[in-house]
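Let's take a walk through this structure together, one element at a time. Have the sequence to hand and turn the model as you read.

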Amino acid sequence: MNKKEKLGNFTAEDAPEYEDMLQCMRCGFCLPTCPTFALTGRERSSPRGRVALARAVAENKLEFTQAVKEEAYFCLDCRACTTACPSGVRAGEVMEICRSQSHQQSPLGHIGRSFREFILQRMLPNPDLLEKSMLPARLYQRLGIQWLVRHSKALKLGPAWIDKAEGMMPKLDAPLRPQLPEVTPALGEKRGKVGFFLGCIMTLMYPEVSRQTVRVLAHQGFDVITPKETKCCGAPHLNEGDRQTARELALFNLDLFLKADVDYIVTDCAGCGASLKEYEELLAEEEDHQRLELFRSKVRDVQELLCDVGLRTEGLKPVKTSVTYHEPCHLCHAQGVSNQPRELLKAIPGVEFREMNEASWCCGSAATWGLKFSDESQQVLDRKLSNVAATDAEHLVTANPGCHLQLAWGLKQAGMKQDVLHLMELLGRATPEV
Amino acid sequence: MLDKNILETLIQQLGKAAVVSEAEDLLVLGYDSTPGLHHAPDVVIYPTSSEQVQIAMQIARDHKLPITPRGSGTGLSGGSIPINGGMVICLNKMNQILEIDEENLTATCQAGVVTLDLFNAVAEKGLFYPPDPGSQKISTLAGNVMEDAGGLRGLKYGVTRDYVMALKCVLPDGSLLSTGGKSVKDVAGYAFKDLLVGSEGTLAIITEITVKLIPPPQDKRTLLAYFDDIQIAGAAVSKIIAAKIIPSTMEIMDKATINCVEDYVKIGLPRQMAALLLIEVDGHPAMVAEEAEGVERILNEVGAAEVHVAKDAEEAASLAEARRTALSALARVSPTTLLEDATVPRSKLAETFALIERLTEKYQLTVGTFGHAGDGNLHPTVLCDERNLDEMKRAHAFYDELYEQVLAWGGTVSGEHGIGIAKKEYLARQIGPGGVAVMKRIKQSFDPDGILNPGKIFVADGE
């Protein structure tokens, strides 16, 4: 790689682009959409403020200070500001890159660093290790909790995170990855061949959801190829500012799925989907552009794919129930997939869809944000739950494991009647067994 | 750097939560939406009551700190930028709607209520607050009053000034001033409230506002007209007005603006057209039908390329929403967007478009023009790069020449954004030395020490 020029008080590697910050004309349209600004009313905790801070660092007007680092991590990375910005500024991405800066500029102490490296560079990139760690006594309880307990200070987690982390764990079934056949053949008239990108959290925590996804895809006429070698998409690494490992994972997955020669690369995890769709930018300097474009052109969220090709409803069983829909940030804001899930819900026979207020407002999960800022997360969650309650629907449907964990936990804590379903679970109920 | 003792006094008297002094916070409270302007304050106060505003002003006065009021920082003339540092008073946390009086058709709000929040709250009671500046989703009412903000409905419904009935404010000497009331008529003495509206934070800090509400129109219809030539669009506007039809909205976008907006909203705006007019007529259903027909006829007569009628309220709303993003969407094209606010008598619209085209050519610039055509209020926006000094020089020459002609036509240098920092010299040209001298004497009588929002509106001696 060419030696890059250093931008102000950023280091040369993985610094935000100056043009991206200059693009902000400070109109403030992002302010009313930002959950952290809504919480604090503090300009520096708004997208406009954060971009201004980054710009000041780039212009040597500010060091990469503790406050800048704090804002990089206090940002939920929900991307609501990206949707709201007419000028095309992506404040969330600028902050994500600042997280990488934060690790370059003020590395963690030894213990914190080795823990972070253990998770991000050893466990997550290795699906076998991940599953083994889950088998004996589950990730959070064995590997996770003990390490986290010892090192929670180094990681700056909030005081109540441990109860929450334990409380959020769903009942765990065996991981899905080893059980899924490499090829699940299409049923009925064939409509194409998809490569199913099975995410880490999906296989470990929501194996039943992804089992339904594969079943639905097959029933909808797609051959489903699930490459067993698939590695983590890299989202947790980007989220924690480890862009190097993210690039290595991205290169591997890109190659794996291009070789599979499929029509679409499909995931049922909004976080993975957003990450896969950003490989083009992440790998801009290390991969062939045509290959990147080809890969990007094939990636679809499963809801997006099924809506765009048209849901085949003949033969679906009615599911007599009412649902409301929470839009995962990484689906609606990061991928712009907002109408498609609603269209699917309306197309499932028997389902009554009830729109909630502020459906696209973050639920407060945001990867580890909900554990790091547990009080703030609770406030964001409460806002969501009151909007859910107002619909009085039977089920809360969403399409991302992070939201799923947070919402299920929140509903239980609040003693509300709704349960959380992934849209594919609901569609699975409507899809007859063959 | 603020003296430590002053900071301690502020914290002691106002509480820690109301006082902000970290460098990073100050840095991001030193701008508004005006390009190229920034100056960090030394301390920022978030008062929650009039009393707290008084206390903060007292302390500022004791220590000769300049004071700059701020809302959400969406201004377009630099009004809330603390150009000499000192104290910024942010009124966002005073955001309660205190009363909606359905018998007198008024609403009383604290200074920091967001414009759209008020609109929605009164709409729930079947009432209507018409002023709708582009930034209504986040702009504050006191900011709207201080800049006399306009919006898309100005043509028929007027601007913020036309709705202000009463103001409560804190004067620079710390005393409270209450002016106006809920009475429809009021000629008791000088009309201070009319003086305060549009005073850009130089005379007093507003803490409470009572506005007039009206019944909403029963019906409306939205038309969209496309043009091959922007001057024809200008002529259409003048002809519609001349036909004694006053639409509630008559907005224009040129080709550059259409394309930037479409890049963002993706609702199928016509990328090939030279201009479009977004026209809305509202009122009693019978009148709406008649006026819509009249507008359509005139549009066809002057030679609009296409005329469309929005099929439902949802489509109409998405068109208005799209128009609101125009300025920010233009910012996609270039790092810097220099926006102006020239306003001409409506009969001069077509000539103004011709002038803008000629000057764009002359100074070799990229310009996107949009605005409230029905008000004669245009926002020619130079899309440039503040790092290119030669381009910036040409941009300023462009505006210089444009304003010269606008003033010659009897227009104004600012229709709705205010003078602030950016247009002080143009104001002097418009109202002359005599006008400036009277304005300065008024300023002097409200603020003899000159501590309130210094450096705005007037060119200071020696500047």
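How many bridges join β3(B) to β4(B)? There are four, and the two strands run parallel. Keep in mind as we go that this is a predicted model. One pair to look for is Pro69(B), whose bridge partner in β4(B) is Ile89(B).

These two strands belong to an open sheet of four, ordered β1-β2-β4-β3 in chain B, with mixed pairing. At its edges sit β1 (19-20) and β3 of chain B, each of which pairs on one side only.

Now bring in the helices. α1(B) packs on this sheet, where it touches β1 and β2 of chain B, and its direction makes about 10° with that of β2(B). α3(B) packs on the sheet too, touching β2, β3 and β4 of chain B. The direction of α3(B) makes about 175° with that of β4(B).

Let's stay with α3(B) for a moment. This helix covers residues 50-62 of chain B, 13 residues in total, and reaches 18 Å from its first C-alpha to its last, close to the 18 Å expected at 1.5 Å a residue. Which of its residues are buried? They are Gln52(B), Val53(B), Ile55(B), Ala56(B), Met57(B), Ile59(B) and Ala60(B). When you look at how such positions are spaced, recall that an α-helix has 3.6 residues a turn, so residues three or four places apart point the same way. The cover over the buried residues of α3(B) includes α1 (4-14), β2 (43-45), β3 (67-70) and β4 (87-90) of chain B, and also β7 (164-170) and β9 (205-212) of that chain. After the helix comes Lys64(B), where phi is positive, near 55°.

Step back to see chain B as a whole. Its secondary structure comes to 15 helices and 16 strands. The C-alpha trace spans about 70 × 60 × 45 Å along its principal axes. Chain B has a radius of gyration of 22 Å, which agrees with the value near 23 Å that a compact globule of 463 residues would have. Buried residues make up 53% of the 463 residues in the chain. Among the contacts in chain B with a separation of 6 or more, 72% come from residues 24 or more positions apart.

You can find Ser322(A) with its bridge partner Glu352(A) in β7(A).

Finally, look at where the chains meet: 25 residues of chain A are in contact with 27 residues of chain B. On the chain A side, the elements that give two or more residues are α1 (18-22), α3 (47-58) and α4 (66-74). α3(A) gives the most, with four residues. By class, this side of chain A has 13 nonpolar, seven polar and five charged residues.

Conventions. Residues numbered from 1 in each chain as written. Chains lettered and ligands numbered in written order. Predicted model: local features only at pLDDT ≥ 70, side-chain atom pairs only at ≥ 80, totals over all residues. Contact = placed C-beta atoms within 7 Å. Nonpolar A, V, L, I, M, F, W, Y, C, P; charged D, E, K, R; others polar. Rg over C-alpha atoms; globule rule 2.2 N^0.38 Å. Buried ≥ 20, exposed ≤ 12 C-beta atoms within 10 Å, placed from the backbone. Expected span 1.5 Å × (residues − 1). Pairing = 2+ DSSP bridges. Axes fitted to C-alpha atoms, helices over the stretch in contact; angles between N-to-C directions.
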